[in-house]
Amino acid sequence: MRTTTVGDVTILLPDLDPEDLDQVADLSDGDVRDGLVDGISWRGEQLAEQSVRGFRIIGADLGEVSWEAGTLYGCEVVGTDLSGATLTGISIERCSFTGSRFTGARLNDVRLKDILFDNCRFDYATLNRVSAAGSVAFTNCTFVHGSWSSCHLSGVALRSCDLGDLELESCRLDGADLRGSRLHDFRTPLDNLKGAVLGEDQLPDLTRLAVEALNIVVRVDR
């Protein structure tokens with residue numbers, strides 16, 4: 001059993017044996033298991049109620065894919081492009097994403113459990129009603145110019161991420177670990193951060209958020 005720990009979050013990782021994986025070129029309807037996808041383009045594919053289990057996906061082009069309902073379980077996704085993808089009502093469990101791009105992606109009603117995102121780009125991505133049902137961590141990820149609404153991400157780790165110009169609305173981040181993350185121009189109502197964990201060096205950014213939220217006027221004495 002493979003695990004990794006980010007801050008106080010311990011994540012159960014996929015445990016794939018390359019010798020058990022068969023090269024896959026096309027997705028069939030329904031349930032596909034134990035496959036290797038290397039450098040394949042499925043750009044713009046339309047998937048519905050698709051179940052993908054035990055896959056290793058490397059350098060694939062999944063840009064503008066539309067996936068509604070279904071499951072991604074026990075998979076490793078490396079260096080893959082999901083820019084402009086739309087993921088709706090799917091469950092993602094025990095998966096790792098490394099060096100992958102979600103630029104402009106739209107995640108709606110997505111359920112996450114035992115997920116690690118490392119060095120991934122979510123710039124201009126939209127997350128709507130995304131929930132963490134178990135351990136979830138983002139490390140060294142970029143979320144600039146993105147927007148999250150009605151997301152329940154209690155207890156997630158967002159370590160050493162760029163949250164610049166990320167906008168939150170009606171989200172729950174209680175217990176979330178944001179230490180080491182860049183909060184410059186981070187935009188959120190203060191109650192979205194209730195119970196979050198910050199580092200001492202992030203207090204000036206928190207002060208800025210409080211000043212803006214309370215419409216406090218700061219004047220220099222003359």
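**Stop one: the cysteines**

Select Cys 75: this residue is buried, with a relative accessible area of 0%. Buried means under 20% relative accessible area, exposed over 50%, and partly exposed in between, with a 1.4 Å probe and protein chains only. The model is predicted, so local features need pLDDT of at least 70 and side-chain atom pairs count only at pLDDT 80 or more, while totals for chains, interfaces and linings use all residues. Residues are numbered from 1 along each chain as its sequence is written, and side-chain values use heavy atoms, with hydrogens and water left out.

Which cysteine sulfur is closest to that of Cys 75? The one in Cys 95, at 4.6 Å, too far for a bond. Now select Cys 120. Cys 120 is also buried, at 1% relative accessible area. The closest cysteine sulfur to that of Cys 120 sits in Cys 141, 4.8 Å away, again too far for a bond. How many disulfides does the structure hold? The count is 0, where a disulfide is a pair of cysteine sulfur atoms within 2.5 Å.

**Stop two: the whole chain**

Zoom out and switch to cartoon. The secondary structure comes to 1 helix and 19 strands. The radius of gyration is 18 Å, close to the 17 Å that the globule rule gives for 222 residues, so the protein is as compact as a globular protein of that length. That radius is taken over C-alpha atoms, and the rule is 2.2 Å times the number of residues to the power 0.38. Helices (H or I, at least four residues) and strands (E, at least two) are DSSP runs, numbered from the N terminus. Along the principal axes, the C-alpha atoms fill a box of roughly 75 × 35 × 25 Å. Buried residues make up 44% of the 222.

Select residues 2-6 and 9-13, which are strand 1 and strand 2. These two strands run antiparallel, joined by 5 bridges. Strands pair if DSSP finds at least two bridges between them. Val 6 stands opposite Val 9. The hairpin has 2 residues between its strands, and Gly 7 takes a positive phi near 60°. Asp 8 lies in the loop between the strands. Is Asp 8 buried or exposed? At 75% relative accessibility, Asp 8 counts as exposed.

Show the side chains of strand 2. Val 9, Ile 11 and Leu 13 point to one face and are buried.

**Stop four: strand 5 and its partners**

Select residues 35-38, strand 5. Gly 35 and Val 37 form the covered face, Leu 36 and Asp 38 the uncovered one. Strand 3 (residues 22-23) runs parallel to strand 5, with 2 bridges. Strand 7 (residues 56-58) also pairs with strand 5 in the parallel sense, over 3 bridges. Center on Leu 36. Gln 23 stands opposite Leu 36, and so does Arg 56 in strand 7.

**Stop five: Asn 192**

Select Asn 192, in the loop between strand 19 (167-169) and helix 1 (203-213). Asn 192 is buried, with a relative accessible area of 3%. Its side chain makes a polar contact with the side chain of Thr 188, at 3.3 Å. A polar contact is a pair of N or O atoms within 3.5 Å; within protein, one must be able to donate a hydrogen and the other to accept it, and residues adjacent in sequence count only if both atoms are side-chain atoms.
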